[in-house]
Amino acid sequence: MARGAQVTAGTSHSGGCQCGAVRYRAAGELGYPHICHCRMCQKAAGNYFLPLGAVMRTDFALTRGKPKWFRSSDLVRRGFCGDCGTPLFYDIPSAESVNITLGSLDDPDAVRPVMQSNTGRKMSWFHALDALPVEPDAGSSEREEAIAASNHQHPDHDTNHWPLGAQT
């Protein structure tokens, strides 16, 4: 596990894609939870950075479905849901651990990044984000209420009844 001394406090995490086709469980702690700013992670996430945390392969299991894989380099492959496109994994197949995308966790607030990597590609304006004006709460918007009422996103709650290691 990269940077092995830095781990999360929790000992079990579950997660998956937005549509629910791919679900996983990490029975051990997540090592080196960090934010990667490299250009490949930016592209893979469709975002400005990608939060990742490592779990030992022996403590990791897919509990529903199988991801699609894209080989982003000779060393790395990236797992994602083939149905909804959610980025799920950063994987070096020969490593003892696999990195999961922290945003795909059912409880992403439970894992706080401890480091940033590849900051040469970090957006130059990140320091100003807290100064941006804040929109009103989503509950006050008719558009947000209509979206919530017709939400097709998979709920973040059903992994616990899937046995660790079960494949469906």
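Author: Gladly! This is a predicted model, where local features need pLDDT of at least 70, side-chain atom pairs count only at pLDDT 80 or more, and totals for chains, interfaces and linings use all residues. Residues are numbered from 1 along each chain as its sequence is written, and side-chain values use heavy atoms, with hydrogens and water left out.

Reader: Why is Asp 106 called buried?

Author: Buried means under 20% relative accessible area, exposed means over 50%, and partly exposed lies in between (1.4 Å probe, protein chains only). Asp 106 has 15% relative accessibility, so it counts as buried. Arg 23 is at 0%, so it is buried as well.

Reader: What makes the contact of Asp 106 and Arg 23 a salt bridge?

Author: A salt bridge needs a side-chain nitrogen of Lys or Arg within 4 Å of a carboxyl oxygen of Asp or Glu. Here the N to O distance is 2.7 Å, so the pair qualifies. By this rule the count comes to 3 salt bridges.

Reader: Which residues does Asp 91 pair with?

Author: Asp 91 forms a salt bridge with Arg 57, with the closest N and O atoms 2.4 Å apart. Asp 91 also meets Arg 77 in a salt bridge, at 2.7 Å from N to O. Because these salt bridges share partners, Arg 57, Arg 77 and Asp 91 are joined into one network.

Reader: Why is the pair of Trp 125 and Phe 126 called edge-to-face?

Author: Rings of Phe, Tyr and Trp (its six-membered ring) pair if their centres lie within 6.5 Å; planes under 30 degrees apart count as stacked, over 60 as edge-to-face and the rest as tilted. The centres of Trp 125 and Phe 126 are 5.1 Å apart and their planes are at 80°, so the pair is edge-to-face. The structure holds 8 aromatic pairs, and ring pairs link Tyr 24, Phe 60, Trp 69 and Phe 89 into a cluster.

Reader: How do you know that the charged end of Arg 77 sits over the ring of Trp 69?

Author: The rule asks for NZ of Lys or CZ of Arg within 6 Å of the ring centre and within 35 degrees of the ring normal. The charged end of Arg 77 is 3.6 Å from the centre of the Trp 69 ring and is listed as sitting over it.
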